[in-house]
Amino acid sequence: MNHPIKLYRFRLSGHSHRVELFLSLLGVPFERIEVELGKGEHKTPAFLSLNRFGQVPVIEDRGYILADSNAILVYLAIAYDPERRWYPNDSVGAASVQRWLSAAAGPLLTGPAHARLVGIFNAKHDLGRAHAIAKELFDAMEDHLTQEGGHLVGRHHTIADIALYTYTAHAVEGHLNLAPYPAVRAWLASIEALPGFLPMVRTEPRYGASAGN
């Protein structure tokens, strides 16, 4: 009997949500294990034994433990999508996906994600800098999506779209406006229309902690 994947997550973490969303889209059973960042549970010896960096998300799949949300997306796409629709196995497709995964770990994090941390957690990031980075990213995404037909890579959704979705969709929580970006908004709607789509909870009262990878 197959056991569901264990997903160690924080409900307001966009990094956690991208994994949770992808598991749902794949139709892979999983068990949520909440890690309360505000209580410091991500810094306990038990959690640090799963991820020495003390960040969510982490998955445990048949004894294999893996941290880092982008790495988890790659693992799940290879392990649970034999047709490789979500993560192309040709060199151009794989490299194109990796380009956007790098954007998710770079300007998406230091732009929209940091802005959101200021907006809902009062984190000590430079909001002006985060907004400038977010504008540059959204400008690039708008141009790319307009030219490429509505997906970040190829003609259907890939893990590139999943990696960029959550913090873009929740940009308003970082006092960012997506109104100037119709192609980005249409792209978000296309992901939200996918069977199995699972939204992330909207802002709750400030929690006083943040962590994610």
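Q: In this predicted model, is E41 buried, partly exposed or exposed?
A: With a relative accessible area of 30%, E41 is partly exposed, because that class lies between the buried limit of under 20% and the exposed limit of over 50%. E41 sits in the loop between β2 (30–34) and α2 (45–48).

Q: Which residues is E41 in contact with, leaving aside its neighbours within four places in sequence?
A: On that count E41 is in contact with E34, V35, E36 and F47, and the side chain of E41 reaches the backbone nitrogen of E36 at 2.9 Å.

Q: Why does R9 count as buried?
A: R9 has a relative accessibility of 15%, and buried means under 20%, so R9 falls in that class. R9 belongs to strand β1 (residues 5–9), and a polar contact of 3.1 Å joins its side chain to that of E20. Among the residues that R9 touches, not counting those up to four places away in sequence, are S16, R32 and V56.

Q: How are two packed helices described, and what is the case for α5 and α6?
A: Two packed helices are described by the angle between their axes and the distance between the axes. Here the axes of α5 (residues 107–121) and α6 (residues 127–148) come within 8 Å and cross at roughly 135°, so the two helices are oblique to each other; their crossing is left-handed.

Q: Which residues make the contact of α5 with α6?
A: Those of α5 include P107, L108 and V118, and those of α6 include L127, I133 and F138; the residues of the contact divide into 11 nonpolar, 4 polar and 1 charged.

Definitions and conventions:
Residues are numbered from 1 along each chain as its sequence is written. This is a predicted model: local features need pLDDT of at least 70, side-chain atom pairs count only at pLDDT 80 or more; totals for chains, interfaces and linings use all residues. Side-chain values use heavy atoms; hydrogens and water are left out. Helices (H or I, at least four residues) and strands (E, at least two) are DSSP runs, numbered from the N terminus. Buried means under 20% relative accessible area, exposed over 50%, partly exposed in between (1.4 Å probe, protein chains only). A polar contact is a pair of N or O atoms within 3.5 Å; within protein, one must be able to donate a hydrogen and the other to accept it, and residues adjacent in sequence count only if both atoms are side-chain atoms. Contact means heavy atoms within 4.5 Å. Axes are lines fitted to C-alpha atoms, for helices over the stretch in contact, and angles run from 0 to 180 degrees between N-to-C directions. Angles under 35 degrees count as roughly parallel, over 145 as roughly antiparallel, 65 to 115 as roughly perpendicular and the rest as oblique. A crossing is left-handed if the near helix is turned anticlockwise from the far one by less than a right angle, and right-handed if clockwise. Ala, Val, Leu, Ile, Met, Phe, Trp, Tyr, Cys and Pro count as nonpolar, Asp, Glu, Lys and Arg as charged, and the others, Gly among them, as polar.
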